[in-house]
Protein chains: 2
Amino acid sequence: MKINQFAHLQLTPEQKAHELHQIGFLNCDAQNDPDLNHIWLQFIGLALPHLKTFPTKEAKFKTLLASPTQNILEYSAHETVDLDSFYLVALQLLGFEPEVDFAVAKPVAEMERLGLYHASSLDERMQLIGAWYDLLCTFTKNGQTLLDQLAAQGYFTRFFDLPAIKKPLFFNGKAQPIFDTRTLIREVVYIESDLDTDGDGQLDLLKAEIIRPRDTEHGLKVPVLYTASPYNQGINEALADKLMHPANVKLTHKTPTNTTYDEIKYHASESLEAERRTVQGRSTRAEETFSCEKSYSLNDYFLARGFAVVYAAGIGTLDSDGFRTCGSTAETASTTAVIEWLNGERRAFTNKTDNIEVRAWWCNKKVAMTGKSYLGTLATAAATTGVKGLETIISEAAISSWYDYYRDGGLVVSPDGFVGEDADILAEECFSRRKNAGEFIKIADKWQEALAQITAGQDRKTGNYNQFWDERNYLNNVQNITCDVVMVHGLNDWNVKPRNVYQLQEKLAQLPLKHKLILHQGEHIYINNFQSLDFTDMMNLWLSYKLYDVQNDAAEILPDVLVQDNVTPATWTKYTTWKGPKKQTLYPTTAGELLATPTVGQVSFHDQLSEAEFEMYQSDLTAWKQDIVREKQTPLSETRLLFKTPELTEELLLSGTPKLTVKVASSVDHGLLSAMLVDFGEAKRLTQKPVLLSPKAIALGYDWRQNDLVEFKLAPKTKHKLISKGHRNLQNRTNLWQNNDLVADEFYEVEIPLQPTFYRLPKGRQLGLIIYATDMTATLRGNEDITYTLELADCHLELPLH
Amino acid sequence: MKINQFAHLQLTPEQKAHELHQIGFLNCDAQNDPDLNHIWLQFIGLALPHLKTFPTKEAKFKTLLASPTQNILEYSAHETVDLDSFYLVALQLLGFEPEVDFAVAKPVAEMERLGLYHASSLDERMQLIGAWYDLLCTFTKNGQTLLDQLAAQGYFTRFFDLPAIKKPLFFNGKAQPIFDTRTLIREVVYIESDLDTDGDGQLDLLKAEIIRPRDTEHGLKVPVLYTASPYNQGINEALADKLMHPANVKLTHKTPTNTTYDEIKYHASESLEAERRTVQGRSTRAEETFSCEKSYSLNDYFLARGFAVVYAAGIGTLDSDGFRTCGSTAETASTTAVIEWLNGERRAFTNKTDNIEVRAWWCNKKVAMTGKSYLGTLATAAATTGVKGLETIISEAAISSWYDYYRDGGLVVSPDGFVGEDADILAEECFSRRKNAGEFIKIADKWQEALAQITAGQDRKTGNYNQFWDERNYLNNVQNITCDVVMVHGLNDWNVKPRNVYQLQEKLAQLPLKHKLILHQGEHIYINNFQSLDFTDMMNLWLSYKLYDVQNDAAEILPDVLVQDNVTPATWTKYTTWKGPKKQTLYPTTAGELLATPTVGQVSFHDQLSEAEFEMYQSDLTAWKQDIVREKQTPLSETRLLFKTPELTEELLLSGTPKLTVKVASSVDHGLLSAMLVDFGEAKRLTQKPVLLSPKAIALGYDWRQNDLVEFKLAPKTKHKLISKGHRNLQNRTNLWQNNDLVADEFYEVEIPLQPTFYRLPKGRQLGLIIYATDMTATLRGNEDITYTLELADCHLELPLH
């Protein structure tokens, strides 16, 4: 167990005393009290908000050890609080258990071991006060600060009724839960966009769900966390499944072309000239409310802290107008429309018919976007418009270019396991507007046409980058971004692959903006409930700064690049860049080695399985993932080449985009190559998914929602682990939009950039390179009779290193 | 998808109109309105509580189909509501999606197919009103009634402020969520027991956490759902793990005895004469509150409906006095103490030192106990005392005799997978009082002594039934039960095995009480969130009857025995008894058959694995579970005998306790036999765990907690499934407390009762019988060189059938 807190502000003793006073932890008497024990016991007593009387608090004092043999009362009767007694009690208040989580005999050393901030001297009154201040900011065993835990127990309930003018409240630079979530206001508005994606001659109205503190009714203006989620109003899972494209499709020869980028570059079409509705009246009240919203728990946390939350699903979703377009510029405009309304620059109505305008009069005009996957993607998309009012985005596991989601290297390549999915299927899946069956029957035909256009545009035939994908490439517009950006991504995310975030941060690095990157060891997950990392606190520091203008040094305090270690659990390390400054080149050999010196020779593999094997692997992708890597004989052994380094004599820290260069011949006039980097060596590695440590242990406020506490743990030993992979159509050697020729049995040089990685390979492990063609989890599955031959003299692997 | 609702009361048209009027769905005008469409549209409008204005409701009308080509407004302009239009709209209101979940063209037939109640005529006003009434009681796609869904959307919020005298409110015999859960009162009291389990000369005080509706402050007396959960205040998982007993222990010869039951019968010791505290004052207010309780979602549901909830963890848990004793009579007394306090017959204090008495003045003195596993066990234990005020228990997956949890047939047999666990370990695990470290240091030695007594009492050496286990056998006291009982158990629960509930219900059948039994296809789970069953509604009907005296025919309406089918998903069938009236005897043959006619011959197996195999199976119990059943050669093939019937020509419905009789010789002077019944035949079977259909889809009230919607689905095909199993020490042929002699290589007749089952074996399947010795998931693992030989002429399997 190890705690990593990055959002901890170091303040002067005077500042600390002032803030403690503000939250009611220090009255003037205590501040001048010469009796250290007296101050200490008063602090502890105040930290028991669920106990309302002196006898109940005293009973609790008796249950807490202040020395290995005495409880607090016994200890304080004869001795004065010191570092040991202070931190022994502190550890218990933080929920760590004596002898189970820490050794009673050496509390300060245990604070250190657990990664918890602690003072080094407690002789003075101000030192004690300072130590208590820091303790309130310290993580409990349950992944939140002690002050947050006290808040969950009711500490701040007496602040609920403070006048709006005294809110919000910041402590250690972060907004505190002094807002009563039991009285939140929930309302729906319909925002008029500039779009008419369903072509009915009417500007599309977009439903937005707003949750705001009651205090906004009394003059408080609040910022907004806005989550654009196309899934939020429901999905059409069964219908989308039915549309799934066939996966067992053979690759074909692509007619050579000389297409230039300019030919496939996306140009925005003329802006629409549909008429705006005529305002028939104004209201400050909504006519519609909602309940049981599909919330993001990070947003819930901020609802208790003086932020409003807005959910909007966008064009073509339930109760909104328009059609889904999957990543188009229209979708981006439908996303930014909400921000424009919040910022006072766009109209919304109380219902869809009467044109009664309603404004975001309760908003301070500052907006941050949050959410993961498609949600984070739309945040990224919105940022690339430079829309006013969007102060920052926290973009998690987000797509930066849809080509990098559904394609790779001139090939149809699906997100992990979803072979057959594509942009049109996602459009259908999110087209929740069709759930309004009485409305859908009037637009069903037009929707089929719109869907057919997406199907045509995405072009599963060539797998090439084209105008459709160029429209959906947000990287083209990174230079328009005006807000600071936080990015979070899983290094094992094979759904939205790491290239998406890598390319975005590379482009952001060229702009005069702050950007923060957090890379974790998860797959496609949220990270706001880990025991080892104060992600939520970091975001609180960030958003208090960005949306409430709190001068808390957030931009300097938060690490630029924070990476979770893949070897040691609960370890997060700061870096300045993702891309390592060093480089190493390795060469595959005919003997299956991967060496530092060039070599010669030819090696081949044959990309076809028997029908039975082919069937088996399709129905058991886990078996495929295992067998493609296994050294012992499997049906896949002949369909791949495996190269391994000797056991490493020194640790390697791969960081950046590995690139494989090969000279290859296909036995037919078409072909593809895939490549995988693998960590070989029997070892305990982190669990694939976070382990549930304690259900509902993280309370997001008082009598409010809760989150599960999780952490990656060491799993039983395994022999290997995937580090990275990549794919390339052999006819896309020049770029992704132009078809090169391919003649059977002729050799061509091809570069295959793999997905960017950040991977520590300890001493004793072996780095493996697997070269193969069909990837059952990702590429189309032609199962064709093709032999690929590599000319090793012209093959090498380039590794970026830290 | 299929819905099974059992808690639906059929009422007269007048009663329905009256109740609709009560909940505000029918005003006097509507009741006399001759225009059916008018009534219908008014109903639908009222069923949209989140829409506050006419335009927003009208917009919603346009989104609902009333015929395959018309929305409600279009339809009602020209046609009158009829069965088709009513149920087409109804299905949409219930959340079923046109063309996805049902065919638009035939709504009435689709209601029927989905298992939803519907009218057969709608010509009259009262028929329409009646149909609407029933629709409000009908399950949505999300596993709760339409009225519950409306409540979650805010339908009942205007009832929150009704005077206490007008509460609670019942609809269709069930309590409705008209209580504001945002204003619940949470308080802690300390109940004085008659126990002194830690021997400190003071009667043990027991902490109880109370949650009650605010309305109790204004005169409402409410009943209590009481959950006694030893886990509730935290557990000592790491410490308990360290105590785990060695699993790889060889069986030894037990010295023959003639012990009689009377010799091991438990006799209560003299009751304690410790002095009661002297009351120093009285209060109606608590001094301590709490937050984030570990709640059971069924209790949460009732908190919105006019019930209080009490959680108590009992002796030896955090903030209570005493020691854990794992199932003892003291533990039972610590459980009933809470009920006695609620019933006014025991004292509680506001804190642990000042002796200020506090009464349960807000309680109507009626209590039901709820909870699963240990929680349900304590409910059962409490019921067997006949304690006054306990009106019913809902006992889920409960232990009825601790011997049947940690032992079987004179053997140490662990709950599935937890080999090495025992009563002492569970006592340590639940001894959360030790988390109060300042208190624990004073009692640590005494606790070690108490724990050592449990270790001695449980006697892992012989595995026999003794006085320790007799004290912990609640079946001995079933005749004292005075309350009606609801039992719920999983037919695949290998943690608390089905024998526990089977024996309880057999004993209950001899008493003049109502008892209801629900057997599901799960393992050790709760069932209050299944799409296919209205379990929560059934419990609402039951508790409204038992705790609020509502005359709703609950005792007659709820099925006596309800069994979830193991072949067809979402199918629940009523029976009158568990034990089938028919019987069939099968005989194993030397050829591995299981036939209807007796046979002769000897067969043997050898219960020893190589060290490597033994290691492997210990670290991979799943592999053991697979291989022990597999027909193809595995390391386990020689360690078991496998017999199979021919493919069944007719379906078999096993129901009750299968019993295997064998004549067996061990090659040494000790030994055990295990037996398994297995369903053979490639087929899709239900998933082992419920599948998550929709997270947080079940709202337990307005702005209140939520539950996930789940259901068992058909999983990919498997070749076999475990039906039942059992174990026997060959020296416990007469009973469980007497050691019979065993001479090596001599034959003895032994009966092995397997766990009771309720299992449908379709035509074409084969019933398999596996006879073996060491069970890696359950028995100790001696891995000894023993050969067992069976004399088949004296072996047979007796099956109870329906």
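Over residues 540–798 of chain A, the chain is 11% helix and 41% strand, and the end C-alpha atoms are 40 Å apart. Helices (H or I, at least four residues) and strands (E, at least two) are here DSSP runs, numbered from the N terminus. UniProt places the feature "domain: Xaa-Pro dipeptidyl-peptidase C-terminal" at these residues of chain A, in an unreviewed entry; UniProt positions are given in the numbering used here, feature names are shortened, and annotations may be inferred rather than shown by experiment. The model is predicted: local features need pLDDT of at least 70, side-chain atom pairs count only at pLDDT 80 or more, and totals for chains, interfaces and linings use all residues. Residues are numbered from 1 along each chain as its sequence is written, chains are lettered from A and ligands numbered from 1 in the order in which they are written, and side-chain values use heavy atoms, with hydrogens and water left out.

Strand S23 of chain A, residues 640–644, is mostly covered, with 5 of its 5 residues buried. Buried means under 20% relative accessible area, exposed over 50%, and partly exposed in between (1.4 Å probe, protein chains only). The cover extends to both faces of S23(A): Arg640(A), Leu642(A) and Lys644(A) are buried on one side, and Leu641(A) and Phe643(A) on the other. S23(A) is joined by 5 bridges to strand S32 (residues 766–772) of chain A, and the two run antiparallel. Within S32(A), Leu769(A) is the bridge partner of Phe643(A).

In chain B, 4 strands form an open sheet in the order S23-S32-S26-S29, with antiparallel pairing; two strands pair if DSSP finds at least two bridges between them. Strand S23 (640–644) and strand S29 (714–729) of chain B are the edge strands, each pairing on one side only. On average, neighbouring strands of this sheet are turned by 20° against each other, direction ignored. For such angles, axes are lines fitted to C-alpha atoms, for helices over the stretch in contact, and angles run from 0 to 180 degrees between N-to-C directions. Inside the sheet, 7 bridges join strand S26 (residues 672–686) of chain B to strand S32 (residues 766–772) of chain B. One of the residue pairs is Met676(B) with its bridge partner Ile770(B) in S32(B).

The relation between the chains comes next. Two copies of a chain are related by a rotation about an axis and a shift along it. The same surface serves both copies, as 100% of the contact residues of chain B recur in chain A, contact meaning heavy atoms within 4.5 Å.

Helix H4 (residues 54–63) of chain B has as its buried residues Pro55(B), Thr56(B), Lys57(B), Phe61(B) and Thr63(B). Their cover includes helix H17 (437–458) of chain A, together with elements of chain B, among them helix H3 (36–46) and helix H6 (83–93). In chain B, helix H17 (residues 437–458) contains Gln448(B), which is partly exposed at a relative accessible area of 42%.
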